[in-house]
Amino acid sequence: MLSVGKNKSNNGFLLKELVKRDFVKRYKRTTLGILWSALSPLLLLLTMDLVFGTFFGRNMPHYTIYLFCGLLLYNYFSNSTKGSLSVLYSNASIYSKVPVPKFYFILSQSAASFINFLVSLAVFFIFVAFDRISFRAEFLLLLYPIVCLYFINLGIGMFLSTVYIFFRDINYLYPVLCRIIMYASAIFYDVNILPGIMRRLLLCNPLYMCIDYFRQLIIHSTVPSISYHLVLGAMAVFCMVFGWFTYYISRDRIALFV
C-alpha cells in the first residue's frame, strides 16, 4: 500500500513538473512572457474586427464580443491540439530511458495550453465589461463548454500525437484541417446568412457548439437547451474515449517508431 501511494505521489509530482516545463518553455527568452497569451488574441481580434466588422458586424450588436468568442475558443482549440501533435515524438528521449507513463506528456501539454486559455479568458471578460454587457449568475454555466472543450482538445491531442508517431504527414495535413475547422466554426460571420441545412451541419462541429454556447449565454442572455448540453457532452466524451483508445492500443509500439 505504501508503495502504491508513493508511486501516485511521484507521478503527481512528475506531472506537475512537466506542466511547469511546458508552460515555461512556451515563453522562454521572451520579453513579455505570459502577456503574449493576452496580446496574441487581442492583435488578431483587432485585425479581424477591422477587416470583417465592416461586412458582417454592421448590423450585428456586440460584434466585437461575437468575434472574440470565436477567436478565444478557436485559438485554445488550435494551440492545444497543434501543441500535442508531436509531443510524444519530441519527448521520446525521456520516456525511452525513464519508466514514466507516456500520456503524461500529452496531459502536461494540454494543461499548459489551458493555463494560457485562462489568461485570454480574463481579457475576454474585460472586453465584455467594456461592451456594457452585464455579468449574471448564469455566466457560471460557461464552465460547462469550457470543460467540454478541454476534454475535446485532450482527446484529439491524444489521437494526433499517437498518429504522428506512425504517420508524420499529419504534421502537414492538420494545419490545413484547422483552417477548414476555423471557417466551419462561424467565427467572424453571422450563421444566419447560411441556408438552413448549413446551419444544421455546423452543429456537427463541437468547437462551433462551444462557441455558440458562449454567444447564446453572453450576448443573447439565453441558456442553451438540455438537449444542447447532452449533445455537446456526448461529443466531448466521444473525443476523449476515441483519443484514449487510439493511444491505448498503440502505446506499446510507440517506442519502436520514434
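Select residues 170–183 to display helix α8, whose 14 residues reach 20 Å from the first C-alpha to the last, close to the 20 Å expected at 1.5 Å a residue. The structure on screen is a predicted model.

**Helix α8 and its two sides**

Within α8, highlight Ile170, Tyr174, Cys178, Ile181 and Met182, which are its buried residues. Because these residues cover an arc of only 115 degrees around the axis, they lie on the same side of α8. Next, colour Tyr172 and Ile180, which are exposed on the other side of α8.

**The whole protein**

Of the 258 residues, 46% are buried. Among contacts between residues at least 6 apart in sequence, 76% join residues at least 24 apart.

**A nonpolar patch on the surface**

With the surface still displayed, select Phe166, Phe167, Leu173 and Phe257. These four residues form a nonpolar patch with about 370 Å² of accessible area together. One of them, Phe167, is found in the loop between α7 and α8. Is Phe167 buried or partly exposed? Phe167 counts as partly exposed because its relative accessibility is 40%, between the limits of 20% and 50%.

**Thr162 in helix α7**

Return to the cartoon and select Thr162, which is found in helix α7. Thr162 counts as buried because its relative accessibility is 1%. To see what surrounds this side chain, show Leu88, Thr246, Tyr247 and Ser250; Thr162 touches these residues, when those up to four places away in sequence are not counted.

**Cys239 in helix α11**

Move on to residues 226–250, which make up helix α11, and pick out Cys239 within that helix. Cys239 has a relative accessibility of 15% and therefore counts as buried, the cut-off being under 20%. Which residues is Cys239 in contact with, leaving aside its neighbours within four places in sequence? Display Ile152, Gly155 and Ile156 to see these contacts. A distance label may then be drawn from Cys239 to Leu149: the two are 90 residues apart in sequence, and their C-alpha atoms are 9.8 Å apart in space.

**Two residues with positive phi**

The last stop concerns the backbone. Most residues other than glycine have a negative phi. Select Ala186, in the loop between α8 and α9 (196–202). The phi of Ala186 is near 50 degrees, a positive value in a residue other than glycine. Is Ala186 buried or exposed? At 0% relative accessibility, Ala186 counts as buried.

Then select Ser221, which is found in the loop between α10 and α11. The phi of Ser221 is near 55 degrees, again a positive value in a residue other than glycine.

Definitions and conventions:
Residues are numbered from 1 along each chain as its sequence is written. This is a predicted model: local features need pLDDT of at least 70, side-chain atom pairs count only at pLDDT 80 or more; totals for chains, interfaces and linings use all residues. Side-chain values use heavy atoms; hydrogens and water are left out. Helices (H or I, at least four residues) and strands (E, at least two) are DSSP runs, numbered from the N terminus. Buried means under 20% relative accessible area, exposed over 50%, partly exposed in between (1.4 Å probe, protein chains only). Contact means heavy atoms within 4.5 Å. The expected span of a helix is 1.5 Å times one less than its number of residues. The arc is that of the directions from the helix axis to the C-beta atoms. Patches are made of residues with over 30% relative accessible area and no salt bridge: like charges are joined within 9 Å, nonpolar side chains (Val, Leu, Ile, Met, Phe, Trp, Tyr) within 5 Å. Accessible areas come from the Shrake-Rupley method with a 1.4 Å probe; for residues, only the protein chains shown count as cover. A salt bridge is a side-chain nitrogen of Lys or Arg within 4 Å of a carboxyl oxygen of Asp or Glu.
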